[in-house]
Amino acid sequence: MIRLLLCLLFLMVSCHDSSSTGPEEEGSKVAFELDDAHKGMVLVKASDSHTILGTNSSSALAKERPAMKALFTYDFSISEHEVTRGEYAAYMSGGPNVANSDLPITNATFGDAILFANARSKSEGYDTVYTYDAITFDEQHHALVLENFSFLPNVEGYRLPTEAEWVLVASQDWNPQESWNNKNSDYKLHPVCEKKKDETQVCDMAGNAMEWVNDWLGNFKDTTIVNYVGAPNGGSLGERVVKGGSYRNAPENMTVYSRSDVYTVTSSTMAEYVGFRLAFGAIPDPVWMNPNGSVTTSTFTSTATTAILREKIKTLRAKLVFRNEMSGNLVYLDYLNGNSAFIEIVDSLDAYHPDVSPNGHHVAFCTKLEGVSGQSSLYVRDLNEKGSNLVKLDVESAAIPRWRVLPSGDTVIVYTNDAGNNKDGATFASMSTWQVKFENGKFGKAQKLFDGAYHDGVSPDEKLAVSGARLLRARINGSDTVWYNGEQACNVSLAKDGSKRSLFLDFASSTGKDFVGTNYGVHERIFVVDSSGKLIQSVAAPKGYSFDHTEWTDVSDIAVATLTDAAGLHGKIVLVDFKDSSITELAQGDDLYHPYLWSRIKSSDVGSLDLDSAGAYRDQTAEISEIIMNPKMRMFWDMKDTLELVMLGSSRVRRGFDPRYMTRPSLNLGYDGSELWGELYMAENYVIPHVKNLKTLVIEIAPDLQSNTPEFKNTVLFERAPGYIYDASQNFWKDSLPNNFVDMVDENVSYSQFDLDSCVSTGGLYSQPCLGWGKTGEVTRDSNYSEAEMKVYDDVFKEFDDFIEKTKNAGFLVVGLVFPQSPLFAKTGSFGRHGPPRSVAQKTLVHLDSLAAKYSHFVMMDEYHYGAHDYTDEMALDFDHLCVAGAKKLSLRLDSLLNKLQR
């Protein structure tokens, strides 16, 4: 009966896919009881129940639509309240001061919550639900990065609740009016459970502290999913889900379906209003949902730390690609991007034998296995989330693609017209090896190299070619021969370092046993031969495993392979170092085939540039500001010679300035978390020295976004990613920009499909839907600044005064732009959501007006007017951001102003 129920549930997953936008179904009512076995927890009788995630409301964000049904086949427990400061300090060494110990612990990263959950599991004798290999902490000991992080849903232990679990509990009695919110909280945290518990015995689901949940942020779909655990990764932005609203939100703006904050949330996000609560219990048969709406019951885990990878291949500019045997799709991991997220390129094509282009931007693959005869197609696509720009080689059959660069500099793909069994000499001779040029996303005309299906490598001088699909065949100086005494061999790969070594696997042959001097099993050793076919080395597989799918990498003496267990499951990808015969795990999953590890350890004409730093504007912490600025910095360097206008600022600029409406070449360099320190840093070190045709520099003036602590000066953005640090060490290349520097930036910043769609095509604008200013202003500061805060505030605007003085003869116009915010702020004592008092902001803007009167190259453009503006609800995303329509209006208005000023 249980099996029948599960089958029916999974049929619902695969078959139900309506496009209904009608009234949403309500979730189940469930029973609750105190969990005596786990202190502070409530047992949720969720089995056979369901809840509704998301909404069909047209006023909701795209990430919150459509409504999706989540079914449960299990019970779980959840914390009565948010984890408190006292609880956190009890389990975590170096925890916060436990004064006010009954307040929720906040300013906690996702990693902090994970470490706490594991600590409680271990203290009570449970296995840990989360694994990782290394931790990156900040100076305050917050966990920013958990390298090779893995969530093990089948383990019974403490963890964060999934979004589905959280919504099931919260929706039982959702009543934000009874929460701590911006109408009653005095904009501060309150002790947990001061507001009444409802019949669920769970409190503060709405308000007080916003809460981390377990899920990566993915799309919803109008379907039903059983035991839903979110997306398999966070996509290009590495986004995670937070729920519930906080003390600073208006109750009418808190919804059970909301999944995010005002700003983009990643694993390293910290905020004084974001905390978490725990859940307990295993999740049987978990299901993740891919971005295209397909479901998966397995994920992949990176198992090599960046330190180990750098030690082995001397760079993080590397990408691992392999075939997911369960789906037939290609999966890749970009180590330089730093979030350890495996991306599956979902397609109907069956993809085998991937090979990455020399520049790392494309992947070639075929549709037939080595050793299997028959027609095969060869494709190339971009190595990004969507696998965009798919092109097919227009020939009758093409198999086992391998990229190479000719002495002429042309990039070509070598392939064979058949990848079948090569044991019969006559059949093998009837096959042939071909080469085709690939340039600007297109194939050239295929050219035949020679007879014989030498699909496992051709040397640069074309004097050696190898093949292994039963026999280890070689073509030496135009003559065909068989190596390894004619015994069976497969998985052959010719080295890429010019050494003309070939590696292969065998079938426990007598030749191999004589060479190693001991018995072994099929594929239990990798063998290496020199250019004459002489055995020179062998490496054994780890005990209990055999090798499969062996390939040399771009790094000398380094190969990759899959490991196969006794059941025949290809569960691991490993790196094999022939210098010391060591084996390092790279990835693990359910069934991984045909791995290829690309790396760029050298580049033509790089001079003395540091290949891992030059242009690497994103590091392992993957903070949202870095993620957003990463593609924008490439755009900046690529466009620097043609730009005439650059706008600097915060997320208001990112979402509210559209360069497409400007009559001059323009770039939007806004990013979340920016403030005036950072804008001036970018202006003085990047924009002014390198944009030679600069006519206008627009700087956002936002009195409510200035830092309240001096250590934020110049922002952490420029102190984390190696590209900014490297630029600073070279005086930002102000004296001389290396000829190849821009090329290195392009190599280090590969545009994702998200970047192309959401940033590059719009000149840096991240366009947003129009949802309105909201019903009230979300105000967090309406009291006077302290003396220390006022000093920081005054210092930054003093620095701006100095900047205006320094640029008076620079030959470009500086525009100070105040972005519009909700008109409802006019009813408060605050200039905006972060303060300062309106009186302070007014004095600042009056001063800047006087500065504009003094300096002819400085102009103030106030689009806020303390709320008395003409930006309607149809032009706003939320209470302090414009949407795409508002961005159009502001940009056209700015362009009109400049046209008048610069006639």
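A: Start with Y617, F636, W637, Y681, Y686, F718, Y724, Y726, F732, W733 and F741, which together make up one aromatic cluster. Keep in mind that we're looking at a predicted model. Searching the whole structure turns up 46 aromatic pairs. One of them is F110 with F149, an edge-to-face pair with 5.9 Å from centre to centre and 80° between the planes. F110 belongs to helix α3 (residues 110-123), while F149 sits in the loop between β8 (143-147) and β9 (150-151), so this pair ties together parts 39 residues apart in sequence. F110 is buried, too, with a relative accessibility of 3%.

Now hop over to Y484 and F527, whose rings are tilted: the planes are 45° apart and the centres 6.1 Å from each other. Y484 is in the loop between β32 (479-482) and β33 (488-494), and F527 is in strand β35 (residues 525-529), so here the parts tied together are 43 residues apart in sequence. Y484 is buried, at 5% relative accessible area, and F527 is buried as well, at 0% relative accessibility.

Rings also turn up with charged partners here. R323 has its charged end over the ring of Y352, 3.9 Å from the ring's centre. With Y871, it's K889 that lies over the face, 5.0 Å from the ring centre.

Note on methods:
Residues numbered from 1 in each chain as written. Predicted model: local features only at pLDDT ≥ 70, side-chain atom pairs only at ≥ 80, totals over all residues. Heavy atoms only, no water. Phe/Tyr/Trp six-rings, centres within 6.5 Å; stacked < 30°, edge-to-face > 60°. Helix = DSSP H or I, 4+ residues; strand = E, 2+ residues; numbered from the N terminus. Buried < 20%, exposed > 50% of the residue type's maximum accessible area, 1.4 Å probe, protein only. Lys NZ or Arg CZ within 6 Å of the ring centre and 35° of its normal.
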